[in-house]
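Here are my notes for you to read alongside the structure. Take them one at a time and find each spot as you go.

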Amino acid sequence: MTRAFNFSAGPAVLPEEVLKKAQSELLDYDHSGMSVMELSHRGKEFMGIIEKAEKDLRDIMGIPKNYRVLFLQGGASLQFAMIPINLMTKSKKIDMVHTGQWTKKAISEAKKFGTVNIVASSEGRNFTEIPALDPAKFSKDADYFHICTNNTIYGTKFATLPDTGDVPLVADMSSNILSEPVDVKKFGLIFAGAQKNIGPAGLTLVIVRDDLVGHAPAGTPTLLDYKNLVEEESMCNTPPCFAIYMAGLVFDWIKKQGGLTEMQRRNQEKAKLLYDFLDESSLFDSPVKKEYRSLMNVPFITGNEELDEKFIREAGDANLTTLKGHRTVGGMRASIYNAMPKAGVEALIDFMKAFEEQEAANV
Ligand SMILES: *Cc1c(COP(=O)(O)O)cnc(C)c1O
């Protein structure tokens with residue numbers, strides 16, 4: 001068996017220790033005689049799993065007591081609608097920083113429920129940077145202020161958070177949650193699809209401050225109202241049990257590695273290796289402005305589409321997989337989430353060096 005170095009943006013690589021642990025428990029979870037997939041979600045074994053997952057997540061992220069943790073379904077994309085349904089209830093106006101495909105979708109959903117004020121956009125620069133923010137353009141009476149902290153497709157990241165005063169900051173952290181410490185109390189709501197840095201697809205994490213729950217209009221479907229999900233502790237219906245179990249194993253793994261400070265140290269180290277190489281390379285280039293570069297998703301180009309294709313094909317043959325850039329931007333992208341070992345990044349750089357030399361010899 002050979003495991004690939006998988007640079008997929010999502011679903012993405014999981015820690016090998018976590019996969020092995022799941023494998024070892026697959027047929028018989030904790031002497032239950034069943035796999036986690038077969039356990040009742042109301043039984044004591046699964047209750048133990050979801051409670052430990054929440055406790056470990058609270059520990060590693062330092063989630064304050066006045067925040068609820070929800071384990072939901074529907075992906076980050078359903079949150080683009082659930083957040084306005086639940087939070088866009090007073091002035092029915094929100095502020096949004098437009099930084100790519102995922103805020104585009106969030107804007108289009110939120111517009112169904114009220115007014116979206118785009119305070120800044122980097123669309124004119126192909127989303128290769130985070131736009132400068134002018135607080136004079138922020139709406140004082142906005143119901144919330146939406147940002148995507150890390151733009152998975154374009155490889156940009158907020159270097160500093162906007163100061164939104166009393167307006168709750170809502171963050172799509174799908175592709176950088178758990179990659180470094182965050183100060184949760186600066187946010188009203190944090191959400192993330194699990195399949196980037198948490199666990200398998202099918203689970204969506206929402207961390208929401210108490211006072212933002214309970215404002216959905218009458219007539220809101222049961223499963224779209226945070227109030228019901230909070231009251232039933234994510235169990236209004238059958239939750240994605242196996243995905244929650246896997247996420248719990250990842251939280252436990254992060255804790256044992258040394259928590260988010262250690263994740264940040266490793267992620268900075270891996271990203272530096274790759275960006276330093278890109279900045280020196282005569283063939284490959286990073287399109288993203290230095291101060292906004294993501295630690296998680298690293299797009300790069302040769303400037304020649306045929307050469308990009310050749311690179312992706314040959315890298316795949318060398319077991320460096322899923323390096324194709326997003327269909328809307330082309331080129332390459334290496335996603336180097338928590339579970340990507342440093343050895344994977346080193347193998348990629350070695351391969352890029354060899355490819356560059358081979359191409360130089362060809363001209
Ligand atoms: C992947 C991703 C999404 C979409 O997640 P789904 O779970 O597929 O809905 C949204 N936002 C960001 C930043 C992402 O990376």
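**Notes on the model**

1. Start at Lys52, which is partly exposed, with a relative accessible area of 42%. Keep in mind that this is a predicted model. Lys52 is a handy place to begin, as several of the points below come back to this residue.

2. Which side chain meets Lys52 in a salt bridge with an N to O distance of 2.6 Å? Look for Asp56: the side chains of Asp56 and Lys52 form that bridge. Both residues sit in helix α2 (residues 44-61), and because they are four residues apart there, about one helical turn separates them. Asp56 has a relative accessibility of 3%. That puts Asp56 in the buried class, because buried means under 20%, whereas Lys52 at 42% is partly exposed.

3. Lys52 has another partner. Asp252 also forms a salt bridge with Lys52, and here the closest N and O atoms are 3.1 Å apart. Asp252 counts as buried, at 17% relative accessibility. If you wonder about the background, side chains of opposite charge can pair when their charged atoms come close.

4. Over the whole structure, the count of salt bridges is 29.

5. Glu262 pairs with Arg266, and their closest N and O atoms are 2.9 Å apart. Helix α7 covers residues 259-280, and the two residues are four apart in it, so about one helical turn lies between them. Are the two partners buried or exposed? Glu262 counts as buried at 17% relative accessibility, while Arg266 is partly exposed at 24%.

6. Next, the ligand. It is surrounded by 13 residues, and the closest are Ser77, Thr152, Asp172, Gln195 and Lys196. Sorted by class, this shell has four nonpolar, seven polar and two charged residues. Which helix gives the most to the shell? Helix α3 (residues 75-87) does, with four residues.

7. A polar side-chain atom of Ser77 is 2.6 Å from an oxygen atom of the ligand. A polar backbone atom of Ala76 lies 3.0 Å from an oxygen atom of the ligand. On the nitrogen side, an N or O atom in the side chain of Asp172 is 2.6 Å from a nitrogen atom of the ligand. On its own the ligand has 380 Å² of accessible area, and the protein covers 87% of that.

8. Is Gly100 buried or exposed? Its relative accessible area is 1%, so Gly100 is buried. Setting aside neighbours within four places in sequence, Gly100 is in contact with Phe127, Asn151 and Tyr154. Val184, by comparison, is 84 residues from Gly100 in sequence and 23 Å away in space, C-alpha to C-alpha.

9. A few backbone details are worth checking on screen. The peptide bond from Gly10 to Pro11 is cis, with omega near -10°. You'll find Pro11 in the loop between β1 (5-6) and α1 (16-24).

10. Last, two residues with positive phi. Lys92 is not a glycine, yet its phi is positive, near 55°. Lys92 is located in the loop between α3 and β3, and is partly exposed at 43% relative accessibility. Thr322 is also a residue other than glycine with a positive phi, in this case near 60°. Its place is the loop between β12 (320-321) and β13 (332-335), and Thr322 is partly exposed, with a relative accessible area of 45%.

How values were computed:
Residues numbered from 1 in each chain as written. Predicted model: local features only at pLDDT ≥ 70, side-chain atom pairs only at ≥ 80, totals over all residues. Heavy atoms only, no water. Near = heavy atom within 4 Å. Polar contact = N/O pair within 3.5 Å; in protein donor to acceptor, adjacent residues only side chain to side chain. Areas by Shrake-Rupley, 256 points an atom, 1.4 Å probe, with all protein chains shown as cover. Nonpolar A, V, L, I, M, F, W, Y, C, P; charged D, E, K, R; others polar. Buried < 20%, exposed > 50% of the residue type's maximum accessible area, 1.4 Å probe, protein only. Contact = heavy atoms within 4.5 Å. Salt bridge = Lys/Arg side-chain N within 4 Å of Asp/Glu carboxyl O.
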